[in-house]
Amino acid sequence: MRTIYYCLLFLLISTAGYAQKSDINNFIVKESLLKNSKLAIIAADSLDQPLEKINGLYTFTISGFTQTLKFNDGVAILPLQIDKSAFVYVKHQNDKGTHSKLLYVYKKEGSLNPFTINSMWMILFPLLLVFIAFAFRKLIIYAVIILLIFIYFNHSNGLNLSTFFETIFDTLKKAF
């Protein structure tokens, strides 16, 4: 009986040593290598070096939709294709916090070019327009027109108001 107990204890200790304890705290978004209008998420460290040890299922929120992505050697492919240039908001939440990126994916001739947008610009640009409008009363009409064009451009490229405010709140949480 004692030998069975020790064997089970040894088996339990050895399996705990092989368990993966890897969280995704940073990621890179690039075009898939297959060039099939899909994006790939690459798990990375704080220096943007890919982490190839990440394997398994991880939950991401892509522009408001929850997706379970399967990582193989640190890379997961998003299942949805991108038809035209659009904003994509990628968010992952784990025990160490929320990690998110706002991207503008520019599609030209079948290739995707994702550009990471610093979310502070999403806060500063409207605030700058409002400041200019209040500082120079003659420019208030132009500031309102530019602000409406900014809102229309964001909305027509897939960045609705809820995602816009979610981006701002996540940025403010990181800052403080």
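The largest pocket in this predicted model is lined by 19 residues. Nearest its centre lie S63, Q81, I82, F87 and V88. Two elements, β4 (65-71) and β6 (86-94), each give two or more residues to the lining. The largest share comes from β6, with three residues. The pocket has a volume of about 400 Å³. By class, ten lining residues are nonpolar, seven are polar and two are charged.

The location of the largest pocket follows from its lining. Residues come from both domain 1 (22-117) and domain 2 (123-175), so the pocket lies between the two domains.

An open sheet was also found, built from three strands in the order β1-β2-β5. Pairing in this sheet is antiparallel. β1 (26-31) and β5 (75-77) stand at the edges. Each has a single partner strand, so one side of each is left without a neighbour in the sheet. On average, neighbouring strands are turned by 25° against each other, direction ignored.

N26 has A44 of β2 as its bridge partner. In general, strands of a sheet pair through backbone hydrogen bonds.

The average pLDDT is 85, and 90% of the residues score at least 70. Helix α1 (residues 2-17) has the lowest confidence, at a mean of 64. Confidence is highest in β5, at 94. β5 is also one of the edge strands of the sheet described above.

Key:
Residues are numbered from 1 along each chain as its sequence is written. This is a predicted model: local features need pLDDT of at least 70, side-chain atom pairs count only at pLDDT 80 or more; totals for chains, interfaces and linings use all residues. Side-chain values use heavy atoms; hydrogens and water are left out. Two strands pair if DSSP finds at least two bridges between them. Helices (H or I, at least four residues) and strands (E, at least two) are DSSP runs, numbered from the N terminus. Axes are lines fitted to C-alpha atoms, for helices over the stretch in contact, and angles run from 0 to 180 degrees between N-to-C directions. pLDDT is the predictor's confidence in each residue, from 0 to 100. On a 1 Å grid over the protein atoms alone, a cavity is a set of points where a 1.4 Å probe fits but cannot get out, and a pocket is an open set with protein on both sides within 12 Å along at least five of seven lines; lining residues have an atom within 4 Å of a point. Grid points are joined across faces, edges and corners, and a volume is the space filled by probe spheres set on the points. Ala, Val, Leu, Ile, Met, Phe, Trp, Tyr, Cys and Pro count as nonpolar, Asp, Glu, Lys and Arg as charged, and the others, Gly among them, as polar. Domain bounds come from an automatic or database domain assignment.
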